[in-house]
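I opened a new structure today and kept notes as I went. The entries below follow the order in which I looked things up.

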Amino acid sequence: MITELQQSYKVDLYPDYLIQVALCNNVTNTSYLREKCLKGEFNCAILSTALIPDIFPVLISCNKSVHCFTESSMKTRNIHTEIMLNLSSSNSIKDSLKLFGANDTDSKLLFVMVSKKEEQDKFCEILNEIKGNFVVVSELSNMCDYNSTKKHYKISDDELSASNFKNAISMRIASKDV
């Protein structure tokens, strides 16, 4: 069941890399999972879904992170914290990790792993440790706190009348360092 609900995406500019994602609801062991990540035993990003209305902004952030990794221009210690930094409207690593990283009490989580294709089996090992319900990634839109998202990304009502959250956030992520 896990592998049916996880999704994989190619990184077109870097064909050796793969982005794997899985969305979970009702996670009961978040603190355990966070601890494994902090110790370096899990090589993935565990994201709170509160500010993520769609997978597309996450994929943009992952692509930017792979580029920074391959060009040795990362601002953080690993590619998965770089994803959180690239998702944020802030350039503060601390603020980005606080906003997008999972808290011990979070039960709605998005797991993201960027790896070389030959390491893709490690994602299943991580997913097997999760105590929660896997759901389709399109459920992100139902887990997002749109008021907080609007505030964080400073999205105006005028902007939303011409576009949507996904596009507004994607533009900010894509052009953040420009």
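**Entry 1: ground rules.** I am working with a predicted model, in which local features need pLDDT of at least 70 and side-chain atom pairs count only at pLDDT 80 or more, while totals for chains, interfaces and linings use all residues. I number residues from 1 along each chain as its sequence is written, and side-chain values use heavy atoms, with hydrogens and water left out.

**Entry 2: the whole protein.** I listed 10 helices and five strands; these are DSSP runs numbered from the N terminus, helices being H or I with at least four residues and strands E with at least two. I then looked up the radius of gyration, which is 15 Å against the 16 Å of the globule rule for 178 residues, so the protein is as compact as a globular protein of that length. That radius is taken over C-alpha atoms, and the rule is 2.2 Å times the number of residues to the power 0.38. The C-alpha trace spans about 45 × 35 × 30 Å along its principal axes.

I found that 47% of the 178 residues are buried (under 20% relative accessible area; exposed is over 50% and partly exposed in between, with a 1.4 Å probe and protein chains only). Of the contacts between residues at least 6 apart in sequence, 72% join residues at least 24 apart; a contact means heavy atoms within 4.5 Å.

**Entry 3: the strands.** I started with β1 (residues 7-10) and β2 (residues 17-25), which run antiparallel and are joined by four bridges. Strands count as paired if DSSP finds at least two bridges between them. A hairpin of six residues leads from β1 to β2, and Lys10 stands opposite Leu18 in β2.

I followed β2 to β4 next: eight bridges join these antiparallel strands, with Gln20 opposite Met113 in β4. Strand β3 (residues 45-48) also pairs with β4 in the antiparallel sense, over four bridges, and there Leu47 has Leu110 as its bridge partner. In β4 itself (residues 109-116), I noted that seven of the eight residues are buried.

**Entry 4: Lys75.** I located Lys75 in the loop between α3 (55-70) and α4 (79-87). Is Lys75 buried, exposed or partly exposed? Its relative accessibility is 49%, so Lys75 counts as partly exposed. Leaving out residues up to four places away in sequence, Lys75 touches Glu82, Leu85, Ile93 and Asp177. I also checked Ile173, 98 residues from Lys75 along the chain: their C-alpha atoms are separated by 15 Å.
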